[in-house]
Amino acid sequence: MLWSFLELFKPAPHLSEIQDLEKQRTEYKYWRVRILYSAFIGYVFFYFSRKSFVFAMPGIIEEYHFDKSELGSVGSAFAFAYGVSKFTSGVLSDQSNPRYFMSIGLFITGLLNIFIGFSASFTLIASFWILNGWFQGFGWPPCARYLTHWYSHSERGTYWSLLMISQNIGAFLIHWIVGICLQCFDWRMGMYIPGLLCLICSFFLMNRLRDTPQSLGLPPIEKFRNDYKETDRTVSEEGELNTKSLLYNVLSNQSIWLLALAYFFVYIVRTGFGDWVTLLLIEVKGYSRLGASGVLSFFEVGGVVGMLLAGFISDRIFKGKRGPVNLLFSIILFLAVGAFWYMSTKMVWVDCFIIFSVGVAVFGPQMLVGVAAAEYVHKKAAATATGVIGLVGYIGTASAGYPIGKVIDLCGWEGFFWSMLACSFVLVLLLVPLAYPKKKLKLQPFLASNQPLGYNTGEE
């Protein structure tokens, strides 16, 4: 029985390639739309079960009188579990069928939300939420696999950005869903409803998603669109990679480590603004709670615009080059952070515009660094690459919690802004060599699944 269940996770076998070119075009058009909207909806629901606890916390504190530090430690443990899971799930996802990997992960996160609603002790609530952090890592790696197998190099930035705005939509909707539950019922209903919705959506994903184009008798996307990048021309398409080959391909790539470090600083700034600026607006600029929340809402709006804009610019203007666009956005981020601190007086529309600009500038690289990581390796290692940078990114998220809070305690809000400026400046420095590389790519041979695959930056 267990073996039959595990068989679900095996990559779907390749079928004989359809030779009719018109049928290829028809099938690709249908499946690319279906894969995109299904993965989009699925990731929206992953955010339902990821953010539900955050909005339910006031009700939990009111009923059980848990300390904020206790719940804060649960949040940190959740971030750590999620970060590690993104790495391990990335490796597993590259060797699995994303159809079942993603849908079963969503089913389990839904169950864990419901279990939290039934829990009556801090230990149980903490344990279930940390477990939820682990299974949250099953969400994005399959999406990265879909984006690299169904969308080719010159268009991938646009589709990647379209899929990533699902997180903003999920975060926006869950705020209202849990808010209504708290208003009409209690915090438990705020865990039950998102959990139940995730269970329903998991069966939707299982029905709608499939594996690679080859598993449906279609040619690889690079062949279909005649849109290759260098590794696709020189590396075999046949066979799946084993864990050793995946890790070698990713971890030996110097550019991946530069991108991972860049992700670390991107996430510090993103989380720093998302978690601390509401309090800053209240304490420093004299906003009401509602007014501060309203101003900060422009951060998420800017995020949607930033991701779409970064994907479009990198595909259409820079012809698939991600490095120059990442650098451009990071420079804008540095200037926007400085402008927000310089405008120390309360000017509502100016504050909204600058917060919007920070959102545009930080979410652009958050999306596009992930695209670049997937494209610096062969597409069979794309989920592993995004898992590696995701792990480092969530270390950045954890660093924006207690460490930044300590800086604010010791140095005030000026210390917060110096920290954000420093992180933005280091981000610029890290992205310069990737925007204008002086070294050419040096390819390594790969034979099926028993030899290392990939390339490192190095002298010819």
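Student: How many residues does helix α5 have, and what does it reach from its first C-alpha to its last?
Tutor: In this predicted model, helix α5 covers residues 122–136 and has 15 residues. Its reach from first C-alpha to last is 21 Å, close to the 21 Å expected at 1.5 Å a residue.

Student: And which residues of α5 are buried?
Tutor: The buried residues in α5 are I125, A126, F128, W129, N132, G133, F135 and Q136.

Student: Changing topic: at what angle do α2 and α7 pack?
Tutor: Helix α2 (residues 21–64) packs with helix α7 (residues 153–184) at an angle of about 40 degrees, and their axes are 7 Å apart. The two helices are therefore oblique to each other. The crossing of α2 and α7 is right-handed.

Student: What kinds of residues make up that contact of α2 with α7?
Tutor: The contact of α2 with α7 consists of 20 nonpolar, 5 polar and 3 charged residues.

Student: How far apart are the axes of α7 and α15?
Tutor: The axes of α7 and helix α15 (residues 348–375) are 10 Å apart, and the packing angle is about 130 degrees. That angle makes α7 oblique to α15. The crossing of α7 and α15 is right-handed.

Student: Which residues meet there, α7 with α15?
Tutor: From α7, the residues include H153, R156 and W160; from α15, they include F363, Q366 and E375. The contact of α7 with α15 divides into 6 nonpolar, 7 polar and 2 charged residues.

Student: Last one: is T397 buried or exposed?
Tutor: T397, which lies in helix α16 (residues 382–399), counts as buried because its relative accessibility is 16%, and buried means under 20%.

Student: What does T397 touch?
Tutor: Leaving aside residues up to four places away in sequence, T397 touches Y267 and T271.

How values were computed. Residues numbered from 1 in each chain as written. Predicted model: local features only at pLDDT ≥ 70, side-chain atom pairs only at ≥ 80, totals over all residues. Heavy atoms only, no water. Axes fitted to C-alpha atoms, helices over the stretch in contact; angles between N-to-C directions. Helix = DSSP H or I, 4+ residues; strand = E, 2+ residues; numbered from the N terminus. Parallel < 35°, antiparallel > 145°, perpendicular 65-115°, else oblique. Left-handed = near helix turned anticlockwise from the far one by under 90°. Nonpolar A, V, L, I, M, F, W, Y, C, P; charged D, E, K, R; others polar. Expected span 1.5 Å × (residues − 1). Buried < 20%, exposed > 50% of the residue type's maximum accessible area, 1.4 Å probe, protein only. Contact = heavy atoms within 4.5 Å.
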